[in-house]
Amino acid sequence: MTHHSPISPGHSWYEATAGERPAYPALDGDRSADVVIIGGGFTGLSAAAHLAKAGTNVVLIEAHRFGDGASGRNGGQLGTGQRAWAEDLEAELGLSRAKALFELAEEAKAHLLEFSAANNIEIDFMPGQLSVAHKKRYVDDYKAHAEIMATRFGYEHISFMDEKETAERLGSTAYFGGTRDTGTGHIHPLKLVIGTARVAAAAGAQLFEETPSTGIVSAGGKVRVTTPTGTITADKCLIAVNAYGGNLEPVSAAHVMPIGSFIGATVPLGTDSPVIPGGESVDDSRFVVRYFRKSRDGRLLFGGREVYGVDDPKDIHIHIRKQIAELYPALKDVEITHGWGGYVGITVPRKPYVREVMPNVIFAGGYSGHGVMLSNFVGKLYAETIAGNRDRLKLFEDLKIPPFPGGRRFRAPLMFLALNWFALRDRF
């Protein structure tokens, strides 16, 4: 029987097609370690794998099962660079820092593919990404972006698409132009989660599922993480829960907000379908972004309905089918076999939040929808930090990330109002 995440709504196509998903035991007593990791998604499992391979004694706990959160349920798109365009980061941070962040992201992309290949993790990689403009006035920005990426950042894989080429590559006339990126692609994220856990366990990491953290105390040079079934005492701690932290730790909770995003999987469309004939993934220019791609067996995996806060919608199929029909009218009655969601962590400026939130305790998350590539690499950078090189992780630590306005009581309703205003603006 397919496992169903208890913390994320709907039934995921990824869960139905990931193959064998090994179960790991719950913690059954006290442990001591060099490093304790809270959270069994991309960041935590990657950190555990790299730490264990380096000979570090590492214990990782996950409140549910690995991949039950966003890491196993996301859109699967790698993207290029950071969440913001490189030229926007240049305007804010200067060319040197913008280039450093871009190059770090490029290394993250290469690392994900190399790690998967080296460890025989079949992630169903498919190449290419189309980024498209839903308003005509945005087209010039996309054209300029392609040129800037080649001339200022040395990235020559992005080409501009006019309206005609965009329609041909999408199989839809709903967009006005955009870019095609042949240097990236998309994957089956849950297969990467399962494979990374396997690598970590084989390297000697102690992995525990169904083991929530009930508290973190840092004192006397040690970190103690309590659970219902034992306490873990360690020299260092990585909090890698992203949007699922709840009240575990107040500093990160003030800076990272959960946002629900939802995906539907159609029946296979057939080899003669005009939908995305090149097999690329797609993201558009809406603030409430629509992202979609075809799976290896020809299904349309379509995401785009976002909900701010943590109330689970009961009508995923209906809303996803409506959005599909806006772009592909011929699919207005297409059967959707799976509809699911998950909560990702966003920050105010849509940049990752990486901070030492108490002595010897680092939080890493807030990838803001760009986490498939970045989160795995941040896990590697954390392992580098434990080994004594914090320089590269510090590129993220130095980013200015303000807390959400309104404090814990009012930030969710204020964000709901603000983000719904942006959603309304997408229409006009």
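**Buried residues and nonpolar cores**

Q: Where is D283?
A: D283 belongs to strand β11, which covers residues 281-284. Strands (E, at least two residues) and helices (H or I, at least four residues) are DSSP runs, numbered from the N terminus.

Q: What kind of model is this, and how are residues numbered?
A: This is a predicted model, in which local features need pLDDT of at least 70 and side-chain atom pairs count only at pLDDT 80 or more, while totals for chains, interfaces and linings use all residues. Residues are numbered from 1 along each chain as its sequence is written, and side-chain values use heavy atoms, with hydrogens and water left out.

Q: Why is D283 called buried?
A: D283 is called buried because its relative accessible area is 18%. Buried means under 20% relative accessible area, exposed means over 50%, and partly exposed lies in between (1.4 Å probe, protein chains only).

Q: Which residue has a side chain joined to that of D283 by a polar contact?
A: That residue is S131, at 2.7 Å. A polar contact is a pair of N or O atoms within 3.5 Å; within protein, one must be able to donate a hydrogen and the other to accept it, and residues adjacent in sequence count only if both atoms are side-chain atoms.

Q: How many residues along the chain separate D283 and G79?
A: They are 204 residues apart, with their C-alpha atoms 9.3 Å from each other.

Q: Moving on, is T211 buried or exposed?
A: T211 is buried, at a relative accessible area of 1%. T211 sits in the loop between β6 (206-208) and β7 (215-219). A polar atom of the T211 side chain is 3.0 Å from the backbone nitrogen of L27.

Q: Which residues touch the most other members of the largest nonpolar core?
A: They are I37, L207, I239 and F396, in a core of 89 residues. A nonpolar core is a set of buried Ala, Val, Leu, Ile, Met, Phe, Trp, Tyr and Cys residues joined through side-chain atoms within 4.5 Å. In soluble globular proteins, nonpolar side chains tend to be buried together.

Q: Where does I320 lie?
A: I320 lies in helix α9, residues 316-327, and is buried with a relative accessible area of 1%. The C-alpha atoms of I320 and I263 are 7.0 Å apart, although 57 residues separate the two in sequence.
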